[in-house]
Amino acid sequence: MVALALVAKPLAVCAAEPHYALELTAPRHMTGTYSFEISTQHMTVERWTIFAAEAPRFTWQYNATTQLLPEGKTAEDFSDRHRHLLQSDAIVKSGERQHRFRGEVVVTAQLRGRRLVQRKPEVKYYAPGELSGSELEHSLAATPTVDFTREEFRHWQVKHGLTRHAGEDTIGFARRVFLHLRKSLTYEYHTKMDRSAQHVCQAGVSDCAGMSALFVACLRANKVPARMIAGHWAKSTDAKVLMDGKVYNQQHVKAEFFVVDVGWIPVDVSSGVQRDHSEHGLEYFGWSGADFFTMHLDYDLEVDVPRQGRKKLDELQSFHYYVWGVGKLDDAEITSTWTVTEDVHEKTRAAE
């Protein structure tokens, strides 16, 4: 059996890594539905192409299934990450779809929270062993967003002492990076931002994605496997909450880093910056509630669009669309909402 527990406070004192473990909370059976409508007045659409991510499966997001409606089929991410995607194609000859498309992305999963704790000898914990070769490679790679090989980033990293000390354990180093970013960064959100690590470290200002990219860059630059986690809070849209003038559909980005025999340890830098007023500043280090749908790992995807070729995407937390037709797309309007429900009567199944 895997230990299921909630701990009052996150660890604030460094210890040898064999003494750490991840405790998992009891699962919650959750369904999130992202409903959207795209409308155009000055373009007569002949073909709609919609892409969405297929939510990955983890021990803390198991039995995950994703549907793209209508008629979503398996698609390929042509980036080096090769994430699982869904694609819907609609060829239009007449009718309402010449100017309007309605769709949904529906994800269902059993979500578990995770918390980093000191290992107790009498308890058997979740222990994942080592990463596979491909996952290790992806989790150490430089990307357009996690661009730790850039000279600007390297100078910043050395200047602020964010290189791993001799004998410093992985968790202790990650904690030190987290605390530095929490104290030095300021939260700011705009729809269009440069979220690359080299830009964020110079600007000192970003949103959840930029802060997560910088954390991941710091760890990968020191040969620690880490990754961005892009998705949605397991909470429905509140139409009164706006971000950059648009309804906020609970999009969020976190990060994780990997330690052998402990697992993927969750980190939420932007929540630490905005919400953690504790003395130790570690409320969002090594803790993640059963309240988040992960839609894909890392940024920088690439899709193949019919009649248009390869297109690069920063992220795919909800959906992305392309059209082919006659006219201009400059007046396109998108309305969307994110609805989350919980089945409290669902019998939970054993983790995969």
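This report walks through the overall build, the cores, the pockets and a few backbone details of a predicted model.

Some ground rules come before the tour. Residues are numbered from 1 along each chain as its sequence is written, and side-chain values use heavy atoms, with hydrogens and water left out. Because the model is predicted, local features need pLDDT of at least 70 and side-chain atom pairs count only at pLDDT 80 or more, while totals for chains, interfaces and linings use all residues.

**Overall build**

The protein chain has 6 helices and 21 strands, where helices (H or I, at least four residues) and strands (E, at least two) are DSSP runs numbered from the N terminus. The radius of gyration of the protein chain is 21 Å, close to the 20 Å that the globule rule gives for 352 residues, so the chain is as compact as a globular protein of that length. That radius is taken over C-alpha atoms, and the globule rule is 2.2 Å times the number of residues to the power 0.38. Along the principal axes, the C-alpha atoms fill a box of roughly 65 × 50 × 40 Å. Of the 352 residues, 53% are buried (buried means under 20% relative accessible area, exposed over 50%, partly exposed in between, with a 1.4 Å probe and protein chains only). Among contacts (heavy atoms within 4.5 Å) between residues at least 6 apart in sequence, 74% join residues at least 24 apart.

**Cores**

A nonpolar core is a set of buried Ala, Val, Leu, Ile, Met, Phe, Trp, Tyr and Cys residues joined through side-chain atoms within 4.5 Å. The largest one has 57 residues, and those with the most contacts inside it include Phe 153, Leu 214 and Phe 257. Helix H5 gives the largest share of this core, 10 residues.

**Pockets**

A pocket is an open set of points on a 1 Å grid over the protein atoms alone, where a 1.4 Å probe fits, with protein on both sides within 12 Å along at least five of seven lines; lining residues have an atom within 4 Å of a point. Grid points are joined across faces, edges and corners, and a volume is the space filled by probe spheres set on the points. In the table, Ala, Val, Leu, Ile, Met, Phe, Trp, Tyr, Cys and Pro count as nonpolar, Asp, Glu, Lys and Arg as charged, and the others, Gly among them, as polar.

| Pocket | Volume | Lining by class |
|---|---|---|
| Largest pocket | about 1300 Å³ | 17 nonpolar, 11 polar, 8 charged residues |
| Second largest pocket | about 440 Å³ | 10 nonpolar, 6 polar, 8 charged residues |

Of the 36 residues that line the largest pocket, Tyr 189, Thr 191, Lys 246, Gln 251 and Glu 315 lie nearest its centre. Elements that give two or more residues to this lining include helix H5 (208-220), helix H6 (269-275) and strand S21 (333-342). The second largest pocket is lined by 24 residues, with Pro 56, Phe 58, Glu 135, Arg 227 and Leu 297 closest to its centre. Strand S17 (292-297) supplies the largest share of that lining, 3 residues.

**Backbone details**

Most residues other than glycine have a negative phi, and most peptide bonds are trans. A cis peptide bond joins Leu 69 and Pro 70, with omega about 5 degrees, and Pro 70 sits in the loop between strand S4 (61-69) and strand S5 (73-76). Glu 71 lies in the loop between S4 and S5 and has a positive phi of about 55 degrees. Asp 298, in the loop between S17 and strand S18 (301-305), has a phi near 65 degrees. Glu 71 is exposed, with a relative accessible area of 61%, whereas Asp 298 is buried, at 4%.
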